[in-house]
Amino acid sequence: MTAVKIIEKTCKSCLNKSNITDFTLNPYVGCEHACRYCYADYMRRWSDIEDKWGEFVIVKTNAPEILKKELAKMKGTNLGSVWIGSVCDCYMPLEQKLELTRKILETFNNSGKKADMQIVTKSTLVRRDLKLLKELDAEIGVSVGIGNDNTSSIIEPKANLPSERFSLFVDLNKEGIKNFAFISPVIPGLSNLEEIFSQLDKVGCKEAWIEILNIKKSVIDKLEPIIRKKLPEYYSKFIYGIENYNMFCKNIEKEAKELSEKYGIKLGNVIVHQRDFKK
Ligand code: SF4
């Protein structure tokens, strides 16, 4: 596997206004996890990077200092909602050494400001910061859209295996940290909802959100050859699902509701993307 290029840069701002939450904050641009379905690679447009998504990470080295200044300037104590890691996994392997996400959490914690903080991750490294996350009353979404370890290791080559991610719920619950499963993306042929809900039930997860695969052209162009070559047993179901996307989405919504009732796991939003083969 290609080594990831690490690029250190300073940033001028840290908290960004967003349509989804009040603010997003990304300590890194790029993501080591290199998931084959990732659509955050549009972020490359705003940089001069030519490397492929998953092969570079820009580290915002001064993010904690900039955040400290931004927080000091903000009026009032309540910031609203803040999503840390909207276009990266802020607990990617690099974070173990750099501790940039940790420093950002510490900055929030020392600022005297309150925020509804949310982090979605595929990494068990989040365990390192449980105490801090509890103090911040943060909510953690554990992302798991493929329940099978072998399949995941092909499609999400650098993320922790699903079996390792499922085990996070036990620790999150033990620490009293708000949490939910982010079943994302649901990929035709590869994602087995029954298998995922059953695992979530075993580890005490009480809420699940769902995001169905974004079938924009750039995503399918990356995913299709890998499934064809490395997971041929799922290929026909995959193609059928993307060619009949609306029906696939309806079926997933129906199945998710049934499984939510069967396992007593609350169903949050089911996110469906626009069908878009052009971009
Ligand atoms: S963990 Fe998230 S941001 Fe990182 S490559 Fe995977 S989908 Fe993209």
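These legends accompany several views of a predicted model.

Figure 1. Let's start with the overall picture. The C-alpha trace spans about 55 × 45 × 30 Å along its principal axes. For 279 residues, a compact globule would have a radius of gyration near 19 Å, and the chain agrees with that, at 19 Å. Buried residues account for 39% of the 279 residues. Of the contacts between residues at least 6 apart in sequence, 80% join residues at least 24 apart.

**Figure 2. Where domain 1 meets domain 2**. The domain assignment places residues 1–123 in domain 1 and residues 138–279 in domain 2. Their centres, taken over C-alpha atoms, are separated by 23 Å. Domain 1 brings 17 residues to the contact and domain 2 brings 24. On the domain 1 side, the residues touching domain 2 comprise nine nonpolar, four polar and four charged.

**Figure 3. The two faces of helix α1, residues 63–73**. Which residues of this helix are buried? They are A63, P64 and L67. Viewed down the axis of α1, these buried residues fall within an arc of 90°, so they line one face of the helix. An α-helix has 3.6 residues a turn, so residues three or four places apart point the same way. The partners of the buried residues in packing are β5 (56–60) and α3 (100–111).

**Figure 4. K60, a buried lysine in strand β5**. Our next stop is the strand that α1 packs against, β5, where K60 has its place. K60 counts as buried because 22 other C-beta atoms lie within 10 Å, and the cut-off is 20 or more. Setting aside neighbours within four places in sequence, K60 is in contact with K9, C11, P27 and Y28. K174, by contrast, lies 114 residues from K60 in sequence and 32 Å from K60 in space, C-alpha to C-alpha.

**Figure 5. The shell of residues around the ligand**. Which residues surround the ligand? The shell consists of C31, H33, A34, C35, C38, A40, C88, D89 and K122. By class, these residues divide into six nonpolar, one polar and two charged. Among the charged residues are D89 and K122, while H33 counts as polar.

Key. Residues numbered from 1 in each chain as written. Predicted model: local features only at pLDDT ≥ 70, side-chain atom pairs only at ≥ 80, totals over all residues. Buried ≥ 20, exposed ≤ 12 C-beta atoms within 10 Å, placed from the backbone. Helix = DSSP H or I, 4+ residues; strand = E, 2+ residues; numbered from the N terminus. Arc of directions from axis to C-beta. Contact = placed C-beta atoms within 7 Å. Near = placed C-beta within 6 Å. Rg over C-alpha atoms; globule rule 2.2 N^0.38 Å. Domains from an automatic or database assignment.
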